[in-house]
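Subject: Structure handover

Hi,

Here is the structure for you to pick up. Please load it first, then read the notes below it.

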Amino acid sequence: MKRQEFPDQTFGRRLVTASLVTLALVGGLLMTAAPASAQATAGKLTGVATDAQTGEALAGVQVYLEGTGLGSLTAENGRYFIINVAPGTYTVVAEVLGYQTYRVENVTVPINATRTVDFQLTPQAIAVEEIRVEVEQTPLLEVDARGSIDLISSEQLETLPVTSVEEALSLRQGYFQVPDNENILAFTEKSRGISPIRIRGGRNSETVTLIDGIPINNFIFGGPAFSLTRAAVGQLTFRKGGLPAQYGNALSGVVDIATKEGGSDLRGAFEYQTSRLAGALGSTRDDLNESDFLEGFLSGPIPGTSDKLRFLAAGRKQSSASRVLEFDDDVFDPSNPPTTGINQPLNQDVFPGWRAFGYDNEQQVFGKLTWLFTPQSKLSLSIVDVRQQFQRFDFDFLLTYDDPLESPIINSREDSLFV
């Protein structure tokens with residue numbers, strides 16, 4: 001993480017630029033006997049396929065995750081295993097010659113957990129419908145989970161009225177992000193790009209944030225070094241207390257993020273928000289804020305690779321003023337300076353109404369390539385580039401932030417300025 005400061009003598013302010021350049025998140029070859037660190041973000045699907053009439057186990061049933069290319073055949077005892085499943089929500093299909101095709105929708109595979117889906121296949125000769133479809137309910141409790149766990153899927157992130165992962169987490173019990181308030185968050189913390197979080201009252205350094213199993217904490221000050229764009233999040237696990245041993249250096253809680261992977265179909269979505277429309281309709285605050293927010297992703301297979309090489313490209317760009325404040329109309333009038341009284345405006349307090357201060361800009365690009373060697377092994381390479389520019393509002397700059405000669409009260413009384 002690089003940090004540079006450029007003094008600006010004109011207004012007595014400082015520009016702080018934080019740049020996280022080319023942070024590579026390299027997965028590794030995920031095999032059946034892969035190390036625990038590589039399996040930390042992958043889930044597993046298992047279950048048994050049986051005959052609905054006799055209850056006998058069925059061998060050779062093809063079970064696969066629709067649209068992913070991942071699948072397996074049931075063994076002699078009817079059991080199947082699908083490993084290295086990226087966390088997310090899927091439709092699981094079971095089919096075999098002579099039996100009705102069975103589809104189970106809304107199957108959620110958590111991070112580093114096993115989901116069980118059993119199939120009771122009906123012989124096709126007596127089947128009423130050609131395809132049987134069921135919708136699985138999300139379990140209220142993970143029976144094999146340790147500690148308190150909250151799962152947030154990519155669908156929930158898209159549905160909730162939030163623009164960041166942190167805003168979605170703030171809706172969960174036990175998570176608290178320190179407000180961006182000059183009286184609470186010190187200037188040095190904000191200029192370093194630190195966004196302190198508290199999980200169950202713990203300190204900032206007692207929490208760990210991971211992306212695909214790799215920690216992204218600021219190793220000096222604690223807390224996440226940056227916030228990943230929602231468009232790249234496949235699933236998010238929020239753990240509070242009772243943490244497994246695999247999460248080292250975490251005392252209060254863990255935010256474990258699994259990124260999306262490209263599927264066998266081309267997909268994409270984009271979202272744009274702006275305050276300029278409201279500003280054009282007469283909102284002074286929105287006009288001064290000049291807020292723009294663009295976020296989206298594109299994923300799918302790379303042509304000519306038989307759907308084995310897949311990509312995901314996601315990004316976010318946002319810009320706005322650091323703060324927009326409204327000041328009262330009690331300003332200094334050089335043509336009629338106060339002679340007595342208390343709480344009189346200073347001679348440089350000449351700007352009434354709304355004013356915008358500084359700027360807060362961010363640009364983030366996330367890319368991921370996944371090569372499926374076999375249904376049991378794959379190689380993933382991820383890279384993220386984050387650039388942040390921030391210039392804060394400071395009360396020390398309040399009176400000299402702009403040219404006093406440009407004040408409305410001064411322009412209306414130019415002759416009295418030099419009296």
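The largest cavity has a volume of about 90 Å³. It comes from a predicted model, so please read everything below as computed from that prediction. In total, the structure holds 2 cavities of 30 Å³ or more.

**The largest cavity**

Lining the largest cavity are 14 residues. Val165, Glu166, Thr209, Val255 and Ile257 come closest to its centre. Three elements each supply at least two lining residues: α2 (165-169), β15 (207-211) and β18 (253-259). Of the elements, α2 gives the most, with 3 residues. By class, the lining has 11 nonpolar, 2 polar and 1 charged residues.

As background, rolling a probe the size of a water molecule over the atoms shows where empty space is left.

- β15 and β18 pair in the parallel sense, over 5 bridges. Thr209 has Val255 as its bridge partner in β18. Likewise, Ile211 is partnered by Ile257 in β18.
- β17 (residues 233-240) runs antiparallel to β18, and 7 bridges join the two. Val233 stands opposite Thr259 in β18.

Thr209 and Val255 are bridge partners, and both are among the residues closest to the centre of the largest cavity. Ile257, the partner of Ile211, is also one of those closest residues.

**The second largest pocket**

The second largest pocket has a volume of about 690 Å³. It is lined by 31 residues, and the closest to its centre are Thr68, Thr89, Tyr90, Glu261 and Arg267. Five elements each supply at least two lining residues: β7 (88-95), α1 (154-159), β20 (292-301), β21 (309-320) and β24 (359-374). Of these, β7 gives the most, with 4 residues. The lining of this pocket divides into 8 nonpolar, 14 polar and 9 charged residues.

**Confidence**

Check this before you set anything up. The chain averages a pLDDT of 77, and 74% of the residues score at least 70. Two stretches to flag:

- Residues 1-39 have a pLDDT below 50. Beyond near neighbours in sequence, this stretch has 91 contacts in the model.
- Residues 414-419 also have a pLDDT below 50. Beyond near neighbours in sequence, this stretch has 4 contacts in the model.

Best wishes

How values were computed:
Residues numbered from 1 in each chain as written. Predicted model: local features only at pLDDT ≥ 70, side-chain atom pairs only at ≥ 80, totals over all residues. Heavy atoms only, no water. 1 Å grid on protein atoms, 1.4 Å probe; cavity = no way out; pocket = protein on both sides within 12 Å on 5 of 7 lines; lining within 4 Å. Points joined across faces, edges and corners; volume = space filled by probe spheres on them. Nonpolar A, V, L, I, M, F, W, Y, C, P; charged D, E, K, R; others polar. pLDDT = per-residue confidence, 0-100. Contact = heavy atoms within 4.5 Å. Pairing = 2+ DSSP bridges.
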